[in-house]
Amino acid sequence: MDNTPNINLKKPKPEDYYNIQDHNDNSDILDTKIQTLETNKVGKESVGQPNGVAGVTVDGKITPMPTAGDVGAVPITRTIN
């Protein structure tokens, strides 16, 4: 049996018998890692927000406000009658 390099999930080889405990162990590892990511997320409120909203990305970087051109707004130099 091999293991994945990043989070050490069990990877049975084709000739190995299926072991339900390996599957359950992998599920527990994934569940724990996902919970850790959710708990440690930075800027949760900006995840999935539409264009036009500034905030902080999951990795802590500030996202700038879009310009008028980014959102297709009429430039302030144009006169509208």
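This report describes a predicted model of one chain, from its overall make-up to particular residues and their contacts.

## Overall make-up

The chain has 81 residues, and its secondary structure amounts to 1 helix and 4 strands. Along the sequence these elements follow the order β-β-α-β-β.

Buried residues account for 7% of the chain. The accessible surface is about 6900 Å², and carbon and sulfur atoms contribute 55% of that area. If contacts between residues at least 6 apart in sequence are taken, 2% of them join residues at least 24 apart.

## Confidence

The mean pLDDT of the chain is 78, and 77% of the residues score at least 70. Among the elements, strand 2 has the highest mean pLDDT, at 94, while strand 3, residues 55-56, has the lowest, at 68. For residues 46-52 the pLDDT is below 50. Beyond near neighbours in sequence, this stretch has 8 contacts in the model.

## The loop between strands 1 and 2

Strand 1 covers residues 2-3 and strand 2 covers residues 10-11, with threonine 4 in the loop between them. The side chain of threonine 4 takes part in two listed pairings with backbone nitrogens. A polar atom of this side chain lies 3.2 Å from the backbone nitrogen of asparagine 8. The side chain of threonine 4 also reaches the backbone nitrogen of leucine 9, at 2.7 Å. When residues up to four places away in sequence are not counted, threonine 4 touches Leu9 and Lys11.

Asparagine 8 is in the loop between strand 1 and strand 2. The phi angle of asparagine 8 is near 65 degrees, a positive value in a residue other than glycine. Most residues other than glycine have a negative phi. Asparagine 8 has a relative accessibility of 45%, so this residue counts as partly exposed.

With neighbours within four places in sequence left aside, the contacts of leucine 9 are Asp2, Asn3, Thr4, Asn26, Ile29 and Leu30. Leucine 9 and aspartate 25 are 16 residues apart in sequence, and their C-alpha atoms are 8.0 Å apart in space.

Proline 12 has a relative accessible area of 46% and is partly exposed. The C-alpha atoms of proline 12 and aspartate 2 are 6.4 Å apart, with the two residues separated by 10 residues in sequence.

## Salt bridges

In the whole structure, 2 salt bridges are found. One of them joins the side chains of lysine 10 and aspartate 22, with an N to O distance of 3.3 Å. This pair links distant parts of the chain, 12 residues apart, with lysine 10 in strand 2 and aspartate 22 in helix 1. Lysine 10 is partly exposed at 27% relative accessibility, whereas aspartate 22 is buried at 11%.

Lysine 10 also meets aspartate 25 in a salt bridge between their side chains, at 2.7 Å from N to O. Here too distant parts of the chain are linked: lysine 10 belongs to strand 2 and aspartate 25 to helix 1, 15 residues apart. Aspartate 25 has a relative accessible area of 22%, so this residue counts as partly exposed. Through shared partners, the salt bridges join Lys10, Asp22 and Asp25 into one network.

Key: Residues are numbered from 1 along each chain as its sequence is written. This is a predicted model: local features need pLDDT of at least 70, side-chain atom pairs count only at pLDDT 80 or more; totals for chains, interfaces and linings use all residues. Side-chain values use heavy atoms; hydrogens and water are left out. Helices (H or I, at least four residues) and strands (E, at least two) are DSSP runs, numbered from the N terminus. A polar contact is a pair of N or O atoms within 3.5 Å; within protein, one must be able to donate a hydrogen and the other to accept it, and residues adjacent in sequence count only if both atoms are side-chain atoms. Contact means heavy atoms within 4.5 Å. Buried means under 20% relative accessible area, exposed over 50%, partly exposed in between (1.4 Å probe, protein chains only). Accessible areas come from the Shrake-Rupley method with a 1.4 Å probe; for residues, only the protein chains shown count as cover. A salt bridge is a side-chain nitrogen of Lys or Arg within 4 Å of a carboxyl oxygen of Asp or Glu. pLDDT is the predictor's confidence in each residue, from 0 to 100.
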